[in-house]
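Dear colleague,

I am passing on the structure we spoke about, and below it you will find my notes on what turned up when I went through it. Please read them with the structure open beside you.

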Amino acid sequence: MAVNVLLNILQQGLCYALVALGVYISYKILNFPDLTVDSSFPLGGVVCIGLIQVGCPYILAIIVAFIAGASAGLITAFLHLKFKINNLLSGIITMTALLSINIALSKGRTLIPYNDNKTLFNNNLTSHFAFNQYSSAITNIIILIIIVIALKLILDLFFKTKRGFMLRAVGDNEQMSVSLGSNSGLYKLLGLCLANGIVGVAGAIYSQYMRYFDNTSGTGMVVIALASVIIGTGIFRKSLIIKGTTSVIIGALIYTASLNIVIAIGVPSTYLKLFMALIFAIVLIINNYLPDKKRGKRKMEDISNA
Amino acid sequence: MPNLLSLVHIDKNFYKETIDEVKVFSDFNLEVESGEFVSIVGSNGSGKTTLLNIISGSIDIDKGEIKLFDKRIDKEKEYIRARSIGRVYQDPSRGTSPNMTIAENLALAENKGNIYGLSFALNKKKISEYKELLKTLNLGLEDKINVKVSALSGGERQALALLMVTMKPIDLLLLDEHTAALDPNTSQKIMELTERIVKEKHITTLMVTHNLRFAVEYGSRLLMLNKGEVVIDKCGKEKEELVVDDILKTFNEISIECGN
Ligand SMILES: Nc1ncnc2c1ncn2[C@@H]1O[C@H](COP(=O)(O)OP(=O)(O)OP(=O)(O)O)[C@@H](O)[C@H]1O
Ligand SMILES: [Mg+2]
């Protein structure tokens, strides 16, 4: 029982860690609370499972899921930058529109890969690892750990490049990025595409892990991701060694664990979302009372009235 | 000497065609020669910040032309103009990225004008170059090179902002009360640093200040604005002979006219 709970926490938590890494870019780096995530996550799932069903290799399906998610981010960025729609509202518009697209793509059904379809977690390689009742879960966990760490390392490298520096500067002090001759809008667009692309990949990987896609799988994903990011960066806010990317992965595992514990102690799953919100609220409240909050953030609006 | 900056027949109104309309400039003209260091004074609301804003492109003009070396820039976006026009603000948090370290901020500034590509932004060699550069400020910032800028004092941040904005060659430097948020001592230090950098790099500069002593002591030309018009414009010998009392007198006359 306890072993199963632990294995579940790790599998789910690592999937959520992928979403959290995406949202880390939009929320933490760009300072953009992006609600597109609730739809770009299932979009990645439906695209991926749909393609796998028609015989597309799962690697390719995951890449297409990235592109699909990135396009969702592009729409949000476009609404915000081109038409000056507020960031939350831009995300809500894209998120809502995509709900229909996702249903249309899945034709309203639950999509299940066929038995002979290869997936990330069910292929020629993984079939060698069948020893006991836990081996499939452990295989999943190993695969997920490799993916999460690879993504984390890629992002860490990216944030050390000039472009990564500028992306951070755009979120940190947009006025300064403009003063350095950069088109801050383009960087926001880049960040939102990257963030939602990663979320699309997370959706693709999550639905392969679940072995099905259904349209409700994205509901609440924004809360899960934001909670993970805020928990992780909150805990390690003073650490000079733990990177932001590492801390959001740990945040995702902690949040998933707390949700699973709620279920394990017998709360009916009807109330799962209630507890999801409750724990998120508690996290935000604690976070607000932590000392040493970020200072010096600047909004574009008050530039011209110095 | 050729004109570096010309503002010709500028109109600027806020809330145009509403009852709240504020006319800041109408038919405003200004020529600045290459190499000039212009101090700009004037009472609150006289349009000093607005003047810098329209030059830097953070707000648009309604009518007129702005030229930098005979090239019209008034239609160019702010981030494009920023490649040749540097700016330091009154608020020390504006010119630097608070959650990035000093080294990271300098690396960003050093790459200004180039593509921010996928090569690494920092390496050991650059860090030691930046340390040398920071030593010239005499503030001990070289020992804080890996400290986040949010942990620095206002004066330290302004010094860093000045360094960053002049790291790459620029044609024009705009300073908007950039010492106003600092204590008198630090403010004096930043003023001296400004003078040194501007002289060393021969940067044409417009400096808005409420410190009349700075306006008189520094710079090669002095402008006083009132309600969007130039009421004093002294350069050369006239500027050198100017004393604080002269400007104060005009200031008071204007205030009396306004019924204050
Ligand atoms: N963004 C804006 N929107 C509306 N009105 C503005 C804006 N910026 C400036 N103004 C108005 O334009 C006038 C000139 O303001 P400006 O900020 O240029 O004055 P200033 O000379 O810089 O004053 P201070 O010494 O107080 O900084 C003021 O009446 C101000 O209310
Ligand atoms: Mg002003």
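How much area do chain B and chain A bury between them? In this predicted model, the two chains bury about 3,100 Å² between them, with 56% of it on carbon and sulfur atoms. Of the area that chain B buries against chain A, 23% is supplied by B:Y79, B:R94 and B:Y116, more than by any other three residues. The contact involves 39 residues from chain B and 30 residues from chain A.

The rule finds 1 salt bridge across this interface, and B:E104 forms a salt bridge with A:R168 in which the closest N and O atoms are 3.0 Å apart. There are also 15 residue pairs in polar contact across the interface. On the side of chain B that touches chain A, helix 1, helix 2 and helix 3 of chain B each supply at least two residues, and helix 3 gives the most, with 5 residues. That side of chain B divides into 17 nonpolar, 14 polar and 8 charged residues.

Turning to a strand within chain B, strand 9 (residues 221–226) is largely enclosed by the rest of the structure, because 6 of its 6 residues are buried. Strand 9 of chain B pairs in the parallel sense with strand 3 (residues 37–42) over 5 bridges, where B:I40 stands opposite B:L223, and in the antiparallel sense with strand 10 (residues 229–235) over 6 bridges, where B:L222 stands opposite B:K234. In the hairpin of strands 9 and 10 of chain B, which has 2 residues between the strands, B:K227 takes a positive phi near 45 degrees.

With best regards

Definitions and conventions: Residues numbered from 1 in each chain as written. Chains lettered and ligands numbered in written order. Predicted model: local features only at pLDDT ≥ 70, side-chain atom pairs only at ≥ 80, totals over all residues. Heavy atoms only, no water. Buried < 20%, exposed > 50% of the residue type's maximum accessible area, 1.4 Å probe, protein only. Helix = DSSP H or I, 4+ residues; strand = E, 2+ residues; numbered from the N terminus. Pairing = 2+ DSSP bridges. Contact = heavy atoms within 4.5 Å. Buried area = accessible area lost by both parts, 1.4 Å probe. Salt bridge = Lys/Arg side-chain N within 4 Å of Asp/Glu carboxyl O. Polar contact = N/O pair within 3.5 Å; in protein donor to acceptor, adjacent residues only side chain to side chain. Nonpolar A, V, L, I, M, F, W, Y, C, P; charged D, E, K, R; others polar.
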